[in-house]
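These are my notebook entries on a single structure. I record what I looked up and what I found, entry by entry.

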Amino acid sequence: VYGAGAKTVSYSDLIEQEKLLHVFDSDQTKAGKYVAGLHLPVEQATRQACAECDAIIIFASSYNREIIAMLTEIGFTGNILYFEGNKLRKIKNQER
């Protein structure tokens, strides 16, 4: 999961907790804290942490472009899911 804000809290009941490996956010003030409903602390997205993920869903939709660019830059090769308006979009690893 990327984004430790209100949208993540809203959707936390729908996330299969046992499949969740990381909660990423670029806001340093959120690092080490927890998002309501999720059992993992917020952390910075690193190459190593992202490599453990098959997919990352972006809940910080105001920053989709920036987050997708950053994930690509650090070498994330999994699928990226993100919200655009009322739709959930998917970028497969070969589309970047």
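Is Lys-30 buried, partly exposed or exposed? I looked up its relative accessible area, which is 26%, so Lys-30 counts as partly exposed. The classes I use are buried for under 20% relative accessible area, exposed for over 50%, and partly exposed in between, computed with a 1.4 Å probe on protein chains only.

**Entry on the model.** I note that this is a predicted model, in which local features need pLDDT of at least 70 and side-chain atom pairs count only at pLDDT 80 or more, while totals for chains, interfaces and linings use all residues. Residues are numbered from 1 along each chain as its sequence is written, and side-chain values use heavy atoms, with hydrogens and water left out.

**Entry on salt bridges.** I searched the whole structure for salt bridges and found three. The term requires a side-chain nitrogen of Lys or Arg within 4 Å of a carboxyl oxygen of Asp or Glu.

I began with Lys-30, which forms a salt bridge with Asp-25; their closest N and O atoms are 3.9 Å apart. Asp-25 is buried, because its relative accessible area is 10%.

I then examined Glu-16 and Lys-19, whose side chains meet in a salt bridge at 3.5 Å, N to O. Glu-16 is partly exposed at 43% relative accessible area, whereas Lys-19 is exposed at 60%.

The remaining pair I recorded is Arg-89 and Glu-84, with the closest N and O atoms 3.0 Å apart. Arg-89 is partly exposed, with a relative accessible area of 34%, and Glu-84 is partly exposed, with 43%.

**Entry on Asp-25.** Where does Asp-25 lie? I located Asp-25 in the loop between β1 and β2 (42-43). Helices (H or I, at least four residues) and strands (E, at least two) are DSSP runs, numbered from the N terminus.

I also checked which backbone nitrogens approach the side chain of Asp-25. A polar atom of that side chain lies 2.7 Å from the backbone nitrogen of Ala-4, and a polar atom of that side chain lies 2.8 Å from the backbone nitrogen of Asp-27.

Leaving aside neighbours within four places in sequence, Asp-25 is in contact with several residues, among them Tyr-2, Gly-3 and Lys-30. Contact here means heavy atoms within 4.5 Å.

**Entry on Phe-24.** I found Phe-24 in strand β1 (residues 23-24). Phe-24 counts as buried because its relative accessible area is 0%. Its contacts, leaving aside neighbours within four places in sequence, include Val-1, Val-42, Cys-50, Cys-53 and Ile-56. I also looked up Ala-36, twelve residues apart from Phe-24 along the chain; the C-alpha atoms of the two are separated by 14 Å.

**Entry on Ser-12.** Ser-12 lies in the loop between α1 (6-11) and β1. Its relative accessible area is 5%, so Ser-12 is buried. Leaving aside neighbours within four places in sequence, I found Ser-12 in contact with Gln-17, Ala-36, Gly-37 and Leu-38.

**Entry on the sheet.** In which order do the strands of the open sheet stand? I read the order as β3-β4-β5, three strands with mixed pairing. The edge strands, each pairing on one side only, are β3 (55-58) and β5 (87-91). From one strand to the next, the twist averages 20°. Two strands pair if DSSP finds at least two bridges between them. Strands of a sheet pair through backbone hydrogen bonds, either parallel or antiparallel.

I followed β3 and β4 (residues 79-84): they run parallel and are joined by four bridges. Opposite Ala-55 stands Asn-79 in β4, and opposite Ile-58 stands Tyr-82 in β4. The chain passes from β3 through α3 to β4 in a right-handed β-α-β crossover. Right-handed means that, with the strands pointing away from the viewer, the path from the first strand over the helix to the second runs clockwise.

Helix α3 (residues 64-73) lies across β3, β4 and β5, and runs at about 175° to β4. For such angles, axes are lines fitted to C-alpha atoms, for helices over the stretch in contact, and values run from 0 to 180 degrees between N-to-C directions.

Finally, I turned to β4 and β5, which run antiparallel and are joined by five bridges. Tyr-82 has Arg-89 as its bridge partner in β5. The hairpin of β4 and β5 has two residues between the strands, and in this hairpin Gly-85 takes a positive phi near 65°.

Terms used. Polar contact = N/O pair within 3.5 Å; in protein donor to acceptor, adjacent residues only side chain to side chain.
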